[in-house]
Number of protein chains: 2
Amino acid sequence: MHVDIGNALDAEPRLTRAALERLDERVADAHDRIERGRADAAHGYAALNLPDTVDPDAIRAAVDRFDDPAAVLTVGIGGSALGAATLTDALGGDIDAYVLDNVDPAGVDALLDSLPLSETVVHVVSRSGTTAETLANFLVVRETMADAGVDWTERTIVTTGPEGNLRALAETHDLPALDVPAGVPGRFSALSTVALPVAALAGHDLDALLAGARDEADRLAGSLFDSPAYAYGATCYALERRGAGVNAMMPYAESLDSFAEWFAQLWAESLGKDAIGQTPVRALGATDQHSQLQLYRAGPRDKLVTLVRPRERPDRSIPETDLEGLSYLGGGSLGALIDAEFEATEASLAAANCPNVRIEIDCVDERGVGELLYGMEAACVLYGELAGVETFTQPAVEWGKRAARGLLGGGDFEEAAAVGEKRSLVID
Amino acid sequence: MHVDIGNALDAEPRLTRAALERLDERVADAHDRIERGRADAAHGYAALNLPDTVDPDAIRAAVDRFDDPAAVLTVGIGGSALGAATLTDALGGDIDAYVLDNVDPAGVDALLDSLPLSETVVHVVSRSGTTAETLANFLVVRETMADAGVDWTERTIVTTGPEGNLRALAETHDLPALDVPAGVPGRFSALSTVALPVAALAGHDLDALLAGARDEADRLAGSLFDSPAYAYGATCYALERRGAGVNAMMPYAESLDSFAEWFAQLWAESLGKDAIGQTPVRALGATDQHSQLQLYRAGPRDKLVTLVRPRERPDRSIPETDLEGLSYLGGGSLGALIDAEFEATEASLAAANCPNVRIEIDCVDERGVGELLYGMEAACVLYGELAGVETFTQPAVEWGKRAARGLLGGGDFEEAAAVGEKRSLVID
């Protein structure tokens with residue numbers, strides 16, 4: 001992963017090289033804490049050890065029993081789903097990969113109707129085995145398979161914690177079951193048993209994914225000027241402190257659209273606490289130049305734009321044309337066009353004094369994606385250290401979970417009662 | 001459209017009912033300006049007349065020549081694509097609808113490979129006929145069809161301005177051609193010839209879409225307390241003035257995911273200027289409760305969350321279960337679950353003092369979607385009036401367009417030269 005922070009300096013909000021150099025002492029301290037956390041396999045920090053602790057052979061063995069599936073369906077939500085979506089969208093693969101990560105009845109029905117159920121592998125992921133959305137969806141999937149005459153016990157694999165419903169179910173029905181890694185929050189679990197089974201089913205090279213991640217791990221160092229991941233994390237932190245409350249993640253590759261969504265969870269849930277934390281915004285180049293760029297260039301100076309691209313990509317030539325004013329396109333290629341737009345957008349943001357960072361990987365392949373995901377995770381952990389937040393918890397989501405359970409009659413009625421006290425001012 | 005701003009008041013940032021009542025005088029003035037603009041069919045304001053000025057018969061007639069297509073492909077970008085995506089994602093339809101709105105070679109190839117080209121209608125949309133991405137993609141689509149032995153002139157319809165490449169092409173090859181509406185910026189053109197041909201091909205009721213929009217138009221009034229659209233626009237404006245620089249648009253319906261993207265363009269490109277403008281963030285309920293909610297509840301107090309849902313939706317029952325701790329789900333339904341999560345999230349934001357607005361439509365059908373799109377457009381126009389920005393222009397995107405053209409050898413070399421002056425500080 002190559003990180004270029006040149007355009008993040010001396011823009012607005014103003015971050016100077018001297019300020020980053022002063023911050024570097026704190027980066028060194030934070031790196032020490034991170035390394036101690038990794039050495040102790042402490043909660044959260046253990047995620048940064050995954051390239052060495054995950055066992056790709058066990059994952060391959062667990063999915064080996066499925067003969068030539070046509071599709072794989074991940075049933076999970078949040079960190080239990082976004083990793084798989086990120087890997088399969090980025091890398092394509094031999095089979096169709098779907099995610100069931102919402103409980104919208106119309107969406108669930110449409111997806112299940114479109115699946116070749118008898119040739120689909122279902123991967124159910126929930127650490128606790130009680131996540132309401134995931135278990136409700138799994139119950140529906142199981143029933144749909146049974147109704148279609150498909151033996152769900154032959155087509156299901158689970159990844160879960162040591163106890164709970166999914167573990168019990170796996171034992172009862174002799175399902176292949178993998179362990180969620182200990183000490184790894186869901187949003188840091190893409191490079192583990194949570195998402196890698198899907199990558200294995202899709203025919204991807206798990207070893208190359210982990211090697212890419214390991215490369216990035218090897219570059220963590222006591223100075224942000226020596227580590228791409230820390231350079232990014234420290235720059236984001238320093239810019240947020242100076243007023244860049246928004247971080248627009250804008251990959252120039254369709255296949256990295258889900259990566260931006262994965263990043264948004266990583267950033268929001270890890271850093272959004274104690275009244276601080278950058279708001280991640282998902283964008284897509286070149287498309288969103290025609291949607292969001294006006295705001296980024298001319299709106300409030302509260303933004304960092306992160307531009308991501310592969311250095312190499314497959315290409316497609318543009319036919320020669322005599323259309324008026326378009327001869328410059330003909331004989332070129334779509335790849336040259338999107339790369340020109342990338343550089344033009346980067347320069348146009350710089351010309352408008354909007355700080356931006358360029359992140360490049362060599363190629364959207366297993367190694368590049370491994371680098372990118374690990375790099376962003378390490379950047380996030382460093383940012384959390386510098387900001388002094390509890391990077392690895394998400395306490396603010398509990399209230400709503402209890403309220404929803406109460407509304408459905410499952411307990412926790414105190415929060416549910418508060419729902420009934422809603423203040424309304426309806427205009428219709 | 002039903003708008004409930006009760007939870008937007010007395011939260012943080014703090015907006016009081018009294019402040020809204022004071023603002024209402026300015027809403028009355030703004031409404032007068034908007035009505036005058038509509039009466040004069042002035043640039044931009046003309047968009048709010050579309051329910052009366054668009055001719056659905058002409059649109060239906062233009063697409064009638066295509067016998068039973070299996071798919072429709074919109075080739076456009078920004079406002080020329082997002083309206084069609086929004087309508088077909090929301091409403092489903094009889095045929096598969098795709099959008100080619102990026103120039104990523106891998107993405108273009110994958111999409112074209114998957115299309116039944118001989119049964120696909122291609123709708124090319126560009127006002128000028130020179131939009132680089134759209135024309136490059138169209139040249140590639142045309143070549144791909146020719147290579148597959150498909151006569152592209154039999155399968156193409158264009159929507160464009162009175163002059164330019166696409167108009168000339170339509171005349172040369174006798175293609176069905178529709179006019180982009182005069183005075184209507186792309187991001188306000190969903191309810192026009194720009195997106196409705198695709199809705200017609202998908203079998204949707206254009207009259208019901210326009211009737212929904214007309215209903216909302218009829219409710220524009222000189223007080224925000226009498227008009228749902230203005231209530232929303234004024235609340236967003238007043239909250240931004242007080243520090244809510246972020247507006248998270250979070251529909252609780254998978255089929256409205258593209259709507260959130262359409263809204264993001266509407267908001268960003270219309271209001272993001274002169275160093276002001278709310279940053280739109282796309283979210284999706286219930287999924288993003290497991291991704292963004294931590295930040296919304298516990299992060300900086302710079303956010304408004306807009307929760308959107310249909311009052312009625314198709315449902316799917318959840319099978320009874322004896323799984324531990326989950327009996328409360330069994331025998332219920334996914335619809336009840338997602339609605340409980342909606343209300344729980346709304347209350348959890350309120351309990352954390354995060355301002356939020358509830359927007360409901362009766363149903364995700366033509367009428368409801370017509371109301372929603374028109375309502376958001378009118379809200380945006382009102383916000384622009386209150387903020388004193390040029391709602392209907394997007395000057396900040398021109399620099400990058402010129403730079404990209406220059407990099408590809410098409411002129412405008414001054415900006416291209418600036419691209420070459422990039423300041424780099426690479427860590428890799």
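Predicted model: local features only at pLDDT ≥ 70, side-chain atom pairs only at ≥ 80, totals over all residues.

Colleague: What kind of axis relates the two copies?

Modeller: In general, two copies of a chain are related by a rotation about an axis and a shift along it. Here chain B is superposed on chain A by a rotation of 180° with 0.0 Å of shift along the axis, and the RMSD is 0.0 Å. The two copies are thus related as by a two-fold rotation axis.

Colleague: How much of the contact surface of chain B recurs in chain A?

Modeller: The same surface serves both copies, and the share of the contact residues of chain B that recur in chain A is 100%.
As for the axis itself, the residue of chain B that comes closest to it, at 2.9 Å for the C-alpha, is B:V281.

Colleague: Is the peptide bond from A:E12 to A:P13 cis or trans?

Modeller: A:P13 is found in the loop between β1 (2-4) and α1 (17-39) of chain A, and B:P13 is found in the loop between β1 (2-4) and α1 (17-39) of chain B. In chain B, the bond that joins B:E12 and B:P13 is cis, with omega about 5°. For the bond from A:E12 to A:P13, omega is near 5°, and the bond is cis.

Colleague: Why does A:A41 count as partly exposed, and what is its phi?

Modeller: A:A41 is found in the loop between α1 and α2 (50-53) of chain A. It counts as partly exposed because it has 16 C-beta neighbours inside 10 Å, whereas a buried residue would need 20 or more. Most residues other than glycine have a negative phi. A:A41 is not a glycine, yet its phi is positive, at about 50°.

Colleague: Is A:D412 buried, exposed or partly exposed?

Modeller: A:D412 is found in the loop between α15 (398-407) and α16 (413-419) of chain A, and its phi is near 55°, a positive value in a residue other than glycine. Because A:D412 has 18 C-beta neighbours inside 10 Å, it counts as partly exposed.

Methods
Residues numbered from 1 in each chain as written. Chains lettered and ligands numbered in written order. Least-squares fit on C-alpha atoms with pLDDT ≥ 70 in both. Contact = placed C-beta atoms within 7 Å. Helix = DSSP H or I, 4+ residues; strand = E, 2+ residues; numbered from the N terminus. Buried ≥ 20, exposed ≤ 12 C-beta atoms within 10 Å, placed from the backbone.
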